[in-house]
Amino acid sequence: MNSCDACVVRNRSICAALDSVEVEALNAIGRRRTLEPGESLIWEDSESVLVANVVEGVLKLSTGTEDGREQIVGVVYPSDFIGRPFGATTPHSVTAMTEAKVCVFSRTDFDGFASRHPALEHKLLQRTLTELDRTRRWMLLLGRKNAEERVATFLLDMSERLVDPGCDTPDHPLDRFDLPFSRQQVGDILGLTIETVSRQFTKLKRDGIVDLPSRRAVVIRDRAELKALAG
């Protein structure tokens with residue numbers, strides 16, 4: 001059994017467009033890599049030399065501002081594709097927020113493989129359009145939503161995009177999950193202070209919308225109300 005056979009995101013990633021023989025061929029040009037929290041895989045404006053599938057963990061997409069600060073422009077979850085195929089440079093840095101496992105491919109090798117497999121190219125186009133939609137929603141989140149709306153939107157997104165390896169219906173939103181990062185990191189993602197994040201979590205718990213059994217665990221009690229708060 002190769003690593004693809006046991007992959008928990010096999011049916012959600014771009015590999016879903018390939019048959020077993022094609023997956024084996026793709027696996028032959030890739031390698032599995034583990035990233036520690038804070039370790040970068042791709043750097044902003046660097047030459048596009050690799051692409052990757054996320055298998056486990058959460059990573060952030062970030063860019064530097066003119067005054068030297070970091071702006072987080074997105075979050076990458078299991079089954080997401082990262083990197084810029086068919087491109088010369090990468091527009092943002094990709095850094096692990098938690099321990100992460102990724103399948104890494106040389107960009108030139110991957111480009112050649114994709115060119116020979118139209119179904120994979122089509123899947124990449126779909127992913128690109130989905131990423132564009134997420135970017136637009138992210139701009140709305142940071143630019144127009146208040147703290148309560150940001151936290152509610154964030155929790156809904158987490159519940160929909162984190163993978164439960166033991167679930168037979170992986171696209172079904174999770175009502176219980178562990179946050180893969182600290183509240184300080186949540187604040188960094190949402191452009192809020194840690195105090196504001198903690199207040200919003202406390203309010204959601206007090207109102208019976210979520211439960212917080214531990215520092216990282218989240219249980220969604222009232223999804224409809226959480227959606228209403230998200231705006």
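The entries below follow the order in which I looked things up.

**Entry 1. Basis.** I worked with a predicted model, in which local features need pLDDT of at least 70 and side-chain atom pairs count only at pLDDT 80 or more, while totals for chains, interfaces and linings use all residues. I numbered residues from 1 along each chain as its sequence is written, and I took side-chain values from heavy atoms, with hydrogens and water left out.

**Entry 2. Salt bridges.** I searched the whole structure for salt bridges and found nine; the term denotes a side-chain nitrogen of Lys or Arg within 4 Å of a carboxyl oxygen of Asp or Glu.

**Entry 3. K203.** I looked up K203 and found a salt bridge to E148, with 3.1 Å from N to O. K203 belongs to helix 6 (residues 194-206) and E148 to helix 4 (residues 147-161), so this pair ties together parts that are 55 residues apart in sequence. I took helices as DSSP runs of H or I with at least four residues, numbered from the N terminus. K203 also forms a salt bridge with D207, at 3.2 Å from N to O.

I then checked accessibility, where buried means under 20% relative accessible area, exposed means over 50%, and partly exposed lies in between (1.4 Å probe, protein chains only). K203 is partly exposed at 30%, E148 is partly exposed at 23%, and D207 is partly exposed at 42%.

**Entry 4. K101.** I found K101 in a salt bridge with E99, where the closest N and O atoms are 3.5 Å apart. K101 is partly exposed at 23% relative accessible area, and E99 is partly exposed at 42%. I noted that salt bridges link E56, E99 and K101 in a network.

**Entry 5. Helix 4 against helix 5.** Which angle do helix 4 and helix 5 make where they pack? I read about 110° for helix 4 and helix 5 (residues 183-190), with the axes 11 Å apart. Axes are lines fitted to C-alpha atoms over the stretch in contact, and angles run from 0 to 180 degrees between N-to-C directions. Helix 4 is therefore roughly perpendicular to helix 5, a label covering 65 to 115 degrees.

I listed the residues in contact (heavy atoms within 4.5 Å): R150, V151 and F154 of helix 4 meet V186, I189 and L190 of helix 5. By class, this contact has five nonpolar, no polar and one charged residues. Nonpolar here covers Ala, Val, Leu, Ile, Met, Phe, Trp, Tyr, Cys and Pro, charged covers Asp, Glu, Lys and Arg, and polar covers the others, Gly among them.

Terms used. Helices (H or I, at least four residues) and strands (E, at least two) are DSSP runs, numbered from the N terminus. Angles under 35 degrees count as roughly parallel, over 145 as roughly antiparallel, 65 to 115 as roughly perpendicular and the rest as oblique.
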